[in-house]
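Please read it alongside the sequence and the coordinates shown here.

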Amino acid sequence: MDRHIVLIGMMGAGKTAVGGELSRKLKARFIDSDHEIESAAAMTIAEIFARDGEEFFRARESEVLRRLLDGPPMVISTGGGAWLRAENREMIKQKGLSVWLDCDLETLWNRVRMRSTRPLLKTPDPKGTLTQMLETRRPYYAMAELIYPVQPGDTVDQTATRLLGMIREHHPETLGQA
Ligand code: S3P
């Protein structure tokens with residue numbers, strides 16, 4: 001690979017699962033930025049939000065992203081909010097191919113509803129919050145270099161295969177195949 005492949009998009013879009021599978025297919029390294037933040041802090045994301053607040057988390061997120069992007073090319077999955085900061089978008093644009101996993105609301109909701117790990121969804125109406133969040137964030141996600149429309153029925157493997165095909169077709173330089 002000649003540059004990073006950076007997966008962005010909403011919680012539940014499959015960034016971590018698809019990123020892992022994509023990296024296996026490419027025989028590249030894979031890192032999930034949320035996991036990096038958690039291991040550096042020795043706390044879960046929920047604990048960081050509860051103890052130090054969202055701003056503190058966002059600052060750590062930018063630091064981790066910068067460190068990962070400064071390293072050798074790999075597949076990176078980001079937390080759903082990472083792309084919203086202009087500073088992070090700039091860093092990602094300079095060092096990698098940004099890929100939005102564009103996933104419909106019902107699929108996102110079905111994936112996140114059973115989990116209690118997302119502090120931003122701990123509201124009286126989590127589905128309403130998710131809906132609102134998708135609407136607000138969509139124009140930002142749409143600035144990604146590559147938009148991949150997630151097919152709700154696809155397995156992780158199918159998604160990674162199709163996505164890789166799209167990268168080969170539209171961004172072969174990312175894979176060092178230009
Ligand atoms: C967030 C998404 C989460 C995590 C944090 C905030 C967001 O990551 O970074 O809870 O703002 O959308 P995932 O997208 O991996 O769930």
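This is a predicted model: local features need pLDDT of at least 70, side-chain atom pairs count only at pLDDT 80 or more; totals for chains, interfaces and linings use all residues.

Helix axes are lines fitted to C-alpha atoms over the stretch in contact, and the angles between them run from 0 to 180 degrees between N-to-C directions.

**Helix packing: H3 with H4**

- On the H3 side the contact is made by Ser62, Leu65, Arg66, Leu69 and Asp70, and on the H4 side by Glu87, Asn88, Met91, Ile92 and Lys95.
- Sorted by class, the contact of H3 with H4 comprises 4 nonpolar, 2 polar and 4 charged residues.

**Helix packing: H1 with H7**

- The axes of helix H1 (residues 15–26) and helix H7 (residues 156–170) come within 9 Å of each other and cross at roughly 60°, an angle that makes H1 oblique to H7.
- The crossing of H1 and H7 is right-handed.
- Helix H1 contributes Ala17, Val18, Glu21, Leu22, Lys25 and Leu26 to this contact, while helix H7 contributes Val156, Asp157, Thr159, Ala160, Thr161, Leu163, Leu164 and Ile167.
- The residues in the contact of H1 with H7 fall into 9 nonpolar, 2 polar and 3 charged.

**Helix packing: H5 with H6**

- For helix H5 (residues 105–112) and helix H6 (residues 126–141), the axes come within 11 Å and cross at roughly 135°, which makes H5 oblique to H6.
- The crossing in which H5 passes H6 is right-handed.
- The contact is formed by Leu105, Glu106, Leu108, Trp109 and Val112 from H5, together with Pro126, Lys127, Leu130, Thr131 and Leu134 from H6.
- Divided by class, the contact of H5 with H6 holds 7 nonpolar, 1 polar and 2 charged residues.

**An annotated position in H1**

- Thr16 counts as partly exposed because its relative accessibility is 36%.
- Once its neighbours within four places in sequence are left aside, Thr16 is in contact with Phe30, Asp32, His35 and Ser77.

- Asp34 lies in helix H2 and, with a relative accessible area of 22%, is partly exposed.
- Not counting residues up to four places away in sequence, Asp34 touches Ile45, Phe57, Glu61 and Gly79.
- The C-alpha atoms of Asp34 and Gly80 are 9.6 Å apart in space, although these two residues are 46 residues apart in sequence.

**Loop residues with positive phi**

- Lys27, found in the loop between H1 and strand E2 (30–32), has a positive phi of about 50° although it is not a glycine.
- With a relative accessible area of 75%, Lys27 is exposed.
- Ala42, found in the loop between helix H2 (33–41) and H3, has a phi near 55°, again a positive value in a residue other than glycine.
- Ala42 counts as exposed because its relative accessibility is 68%.

- Thr44 is placed in the loop between H2 and H3, where its relative accessible area of 35% makes it partly exposed.
- A C-alpha to C-alpha separation of 8.5 Å is found between Thr44 and Thr117, which are 73 residues apart along the chain.
- Pro72 is placed in the loop between helix H3 (45–70) and strand E3 (75–77), and its relative accessible area of 53% makes it exposed.
- Pro72 and Asp2, separated by 70 residues in sequence, are 8.8 Å apart in space from C-alpha to C-alpha.

Technical notes: Residues are numbered from 1 along each chain as its sequence is written. Side-chain values use heavy atoms; hydrogens and water are left out. Helices (H or I, at least four residues) and strands (E, at least two) are DSSP runs, numbered from the N terminus. Angles under 35 degrees count as roughly parallel, over 145 as roughly antiparallel, 65 to 115 as roughly perpendicular and the rest as oblique. A crossing is left-handed if the near helix is turned anticlockwise from the far one by less than a right angle, and right-handed if clockwise. Contact means heavy atoms within 4.5 Å. Ala, Val, Leu, Ile, Met, Phe, Trp, Tyr, Cys and Pro count as nonpolar, Asp, Glu, Lys and Arg as charged, and the others, Gly among them, as polar. Buried means under 20% relative accessible area, exposed over 50%, partly exposed in between (1.4 Å probe, protein chains only).
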